[in-house]
Amino acid sequence: MASKPSDMVVSPDEATSGGPMPVKIVVAGGFAVGKTTFIGSISEIEPLTTEAALTKVSEGVDDTSKVATKTSTTVAMDFGRITLGDDLILYLFGTPGQDRFWFMWDELVRGAIGAVVLIDTRRLEECFPAVDYFEENQIPFVVGMNCFDGQATHSPDDVREALAVSPDTPVLLIDARERVSTRDTLLELVQHALVRATA
Amino acid sequence: MSLGDAGDGLRVRPYAITGGRTRAATEVPIEAIVYRTPKGEKAVSSMSLERRQILSILASPQSAAEISARLRLPLGVARVVLGDLVDEGFVALNTRSASGRPDLRLLERVLDGLQAL
Ligand SMILES: Nc1nc2c(ncn2[C@@H]2O[C@H](COP(=O)(O)OP(=O)(O)OP(=O)(O)O)[C@@H](O)[C@H]2O)c(=O)[nH]1
Ligand SMILES: [Mg+2]
């Protein structure tokens with residue numbers, strides 16, 4: 001693809017002549033829940049990993065010292081890419097769901113279409129921080145139940161109830177290894193975001 | 001910044017590239033698609049190593065995340081170097097994340113694109 005300079009700026013959602021416009025979806029969930037598999041099943045590139053080294057200042061950890069301590073955390077983020085036309089590229093960013101990584105989510109979700117929260121019903125609680133975060137920040141999301149044993153042990157309704165998410169939150173049975181399943185999950189999210197945007 | 005923590009020694013050198021800065025004047029979102037300007041195309045061979053590497057792989061426009069991953073630069077470092085390159089006119093960005101959630105038209109294009117996969 002040749003890079004051409006832009007000769008005019010159209011609306012922010014129109015690609016300029018310098019290349020395609022990016023959109024993104026965040027893929028969140030607990031440890032080993034299938035985030036990388038999900039991204040890899042549909043990405044046109046092998047999922048890549050970027051390292052975000054971030055410094056967090058935490059105060060008063062040690063009561064006697066009252067000294068602010070700085071800690072450096074490295075977060076590995078997987079991502080993949082789907083070209084949706086000459087002028088549109090969808091990026092999928094996979095991010096650990098633990099709440100100690102929240103400090104980077106604000107940026108990750110800025111301008112995002114929404115999020116896919118992957119869950120393993122045997123360890124449901126691992127997705128609570130992600131669900132809380134997306135609800136509080138009004139980020140459209142869908143829940144994907146990754147069926148590791150090949151059969152659903154819980155119904156989507158059970159999961160919706162256990163998570164206490166709103167009744168219109170899509171909860172889907174998925175197989176993160178299957179491209180079609182992943183595509184349908186993304187479609188469901190975009191549709192959900194559309195409904196939310198029209199509401 | 002405690003980027004030089006003992007347990008995390010690898011963090012020291014990358015930020016040397018940026019003169020220790022962890023931010024550039026221009027913010028580069030992680031998904032922003034970076035492309036070379038004509039000035040950037042001409043300047044490739046005269047650049048320092050990291051900048052030359054970045055400008056070289058920008059023969060195809062790609063996201064800040066991809067540049068970081070392919071050149072094995074921590075994301076924060078890549079974004080500072082890219083922000084500088086934007087300020088100096090060697091590269092430009094396609095990004096929309098500052099304009100909030102995608103609008104209906106854009107969502108519909110994404111939907112159509114996914115359905116056509
Ligand atoms: N049976 C089955 N196995 C799966 C499925 N999705 C992922 N796996 C397997 O589960 C393991 C973990 O998947 P990953 O995609 O690495 O999970 P992750 O969320 O990226 O893991 P971390 O990044 O380490 O947190 C791998 O061995 C996958 O092959 C699925 O839908 N069904
Ligand atoms: Mg992973």
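Residues are numbered from 1 along each chain as its sequence is written, while chains are lettered from A and ligands numbered from 1 in the order in which they are written. Because the model is predicted, local features need pLDDT of at least 70 and side-chain atom pairs count only at pLDDT 80 or more, whereas totals for chains, interfaces and linings use all residues.

Q: Which helix of chain A gives the most residues to the shell around ligand 1?
A: The shell takes in residues whose C-beta atom, placed from the backbone, lies within 6 Å of the molecule. It holds 13 residues, and A:Gly34, A:Lys35, A:Thr36, A:Thr37 and A:Ala176 are the closest. Helices here are DSSP runs of H or I with at least four residues, strands are runs of E with at least two, and both are numbered from the N terminus. With three residues in the shell, the helix that gives the most is α1 (residues 35-42).

Q: How many residues of strand β1 of chain A are buried?
A: A residue counts as buried if 20 or more other C-beta atoms lie within 10 Å of its own, as exposed if 12 or fewer do, and as partly exposed in between, with C-beta atoms placed from the backbone. A:Met21, A:Val23, A:Ile25, A:Val27 and A:Gly29 point one way from β1(A), A:Pro22, A:Lys24, A:Val26 and A:Ala28 point the other way, and all are buried. For the strand, which spans residues 21-29, the count is nine of nine.

Q: Which strand pairs with β1(A) over nine bridges?
A: Two strands pair if DSSP finds at least two bridges between them. β1(A) is joined by five bridges to strand β5 (residues 114-119) of chain A, running parallel, and there A:Ile25 has A:Gly114 as its bridge partner. The pairing over nine bridges is also parallel, and its other member is strand β4 (residues 88-96) of chain A.

Q: What is the relative direction of α5(A) and α6(B)?
A: Helix α5 (residues 179-198) of chain A and helix α6 (residues 104-115) of chain B have axes 10 Å apart and pack at an angle of about 160°, where axes are lines fitted to C-alpha atoms over the stretch in contact and angles run from 0 to 180 degrees between N-to-C directions. Angles under 35 degrees count as roughly parallel, over 145 as roughly antiparallel, 65 to 115 as roughly perpendicular and the rest as oblique. The two helices are therefore roughly antiparallel.
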